[in-house]
Amino acid sequence: MLLLASLALNAPSTARAASGCVRLGWIQGGAHGLVALRGGERLPICNGGAVVGPGLVAVTAPGLEGSLRSPETRVDGLVGATAVSAGTLRGGGHANVSALRSRLEKTRANAMRLRVVLATILIALALFAPRRAIMAGPAAIAAGLLLSALGWTSLTLLALLTLLGSLLPWRALWLFFAVYLVVLVASPETQSLALLGPHPWGGGRFYGISNELETLLLAPALVLGLAGAPLVLLTIGWSRAGADGGGLLVYLAAYARLVPRPRLAIAGVVALAVAFVVVDAATGGSSHVTHSVLHGNVFDDLWHRWRVSWHGATGAWGRGLVSAGCLLVLVALAVRRPRKTLVDAFLIAIAVSLVANDTPQDVLFWGAISGVALRRAV
C-alpha cells in the first residue's frame, strides 16, 4: 500500500490535467501551452468563463508540468479545444512555448506570400519547362521540411531550394516519397510547423498531409506509375503518416484509371479504402479518419465537408472567380485531344477530391496549374 501511495503521489507529469479546464495566460503552478481555436469554437476556463475562437490562446493547465501536448495535435506545446473537453490533455512536454507561438505567427503571416511565390514558380515552369514543374511541388515540400527542421521561415530560401529541387530527374521522386514517409512518422512536428504544411494555427488539421499538399503531390505520384502506388498510398493514407482519408480515395481513384481494366478497378476503390483504414486501426493507428469510418460517421462527415466546401469556394467573390477560372482550365484539359491516360487519371482524382475534401479552392487552384504541367510534360 505504501508503494502504491508513493507511485500515485509521484506520478509523471504526462498524466491528465486535474480538471477539464485551463487558465488564461502562462502562470505558475501548471503546464503551459497554446490552444488553437477554430472560428466560433469555445474553450472552457477554470473560472467559469470561456474563450471563443478563432485564434491562438496562451493557457496553463493546473496539476501538470512542462508544456502541454495531446495525441490529437502531435505538436509539443500546441493543443486543440477538444483535448480539454475530451480529457486527453497531457503535460510533460519540453517545448519553448513562447518561441512556438512566434514561429506559428510568422508562418501564418507568410501563408499568402508563400502561395504567391510558389504559384509564380509553378506557373512559369508549367509554361516553359513542364517536366521541371512536376518536380517543383515535391521540391517545395522538401524545402519546407528542411527549413522547418532548422527552425527557419525564410520564403527566399524556400523559393531557391524549390528551383534547385525542380532540376532533379523524375526518378528522384522515389527517394522523396520514401524520406517524406519517414519524416511524417518519426517527426510529425517538422511537417506541422513547415511553411508549406497543414496550418495548425487554425485549429483544424494539426499534422499530416493537407488538401493543398495532396494536390501538389498528385501529378508527381502518377508519373511514378502503379509501381509507386504502395509507397504513395502509405505516405498519404496511413494514420501515422499523412492521415489523409480523402487523399486516399483521391489517389486510389487515379490509380484505378491506370490499371489495364479500369472499370473493374473502380468497383474496388471504396472497398480498398475502407480495408486500408480498418487494417490501420487494427494495427494501432488512430486519426480522424479511423474514427469516422469505425464509428459510422462517414456520411455525416461528408455532408459537413460539402457545406464547408461550398462556403470555401463562394465565401468571397475573389475566391469564387479564381475557383471558376481554375475549373475552366481543368475542363479545357478534359476535352482536349488526343487523350492522355495520366491526364485522365489526374482529372478523375481532382473530381473525387472536390467531393471528398473540404477546400475546393486549394484543389482547383493547384490542380489547374499541375494539370497544365502534366499535360505538357507527357
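Q: Is Arg 115 buried, partly exposed or exposed?
A: Keep in mind that this is a predicted model. Arg 115 comes out partly exposed, at a relative accessible area of 22%.

Q: And what does Arg 115 form a salt bridge with?
A: With Glu 212; the closest N and O atoms are 3.1 Å apart. That pair ties distant parts of the chain together: Arg 115 sits in helix 4 (residues 111-128) and Glu 212 in helix 9 (residues 211-216), 97 residues apart.

Q: Is Glu 212 buried or exposed?
A: Buried, with a relative accessible area of 4%.

Q: How many salt bridges are there by the count?
A: Five. One of them joins Arg 339 and Asp 344, with the closest N and O atoms 2.7 Å apart. Arg 339 is partly exposed at 40% relative accessibility, while Asp 344 is buried at 12%.

Q: Switching topic: how many disulfides does the structure hold?
A: One. Cys 21 and Cys 46 form it, their sulfur atoms 2.3 Å apart. The link is right-handed, with 100° about the S-S bond.

Q: Where do those two cysteines, Cys 21 and Cys 46, lie in the chain?
A: In distant parts, 25 residues apart: Cys 21 is in the loop between helix 1 (2-9) and strand 1 (23-24), and Cys 46 is in the loop between strand 3 (42-44) and strand 4 (50-52). Cys 21 counts as buried at 13% relative accessibility, whereas Cys 46 is partly exposed at 32%.

Q: OK, now the nonpolar side. Which residues have the most contacts inside the largest core?
A: Tyr 180, Tyr 251, Tyr 255 and Phe 346, in a core of 69 residues. There's also a second, separate core of 17 residues, with Ala 31, Val 57, Leu 64 and Leu 68 among them.

Q: What does Tyr 251 touch, leaving out residues up to four places away in sequence?
A: Its contacts include Leu 217, Leu 218, Val 232 and Ile 236, and Glu 214 is in there too.

Methods. Residues are numbered from 1 along each chain as its sequence is written. This is a predicted model: local features need pLDDT of at least 70, side-chain atom pairs count only at pLDDT 80 or more; totals for chains, interfaces and linings use all residues. Side-chain values use heavy atoms; hydrogens and water are left out. A disulfide is a pair of cysteine sulfur atoms within 2.5 Å. Helices (H or I, at least four residues) and strands (E, at least two) are DSSP runs, numbered from the N terminus. Buried means under 20% relative accessible area, exposed over 50%, partly exposed in between (1.4 Å probe, protein chains only). A nonpolar core is a set of buried Ala, Val, Leu, Ile, Met, Phe, Trp, Tyr and Cys residues joined through side-chain atoms within 4.5 Å. Contact means heavy atoms within 4.5 Å. A salt bridge is a side-chain nitrogen of Lys or Arg within 4 Å of a carboxyl oxygen of Asp or Glu.
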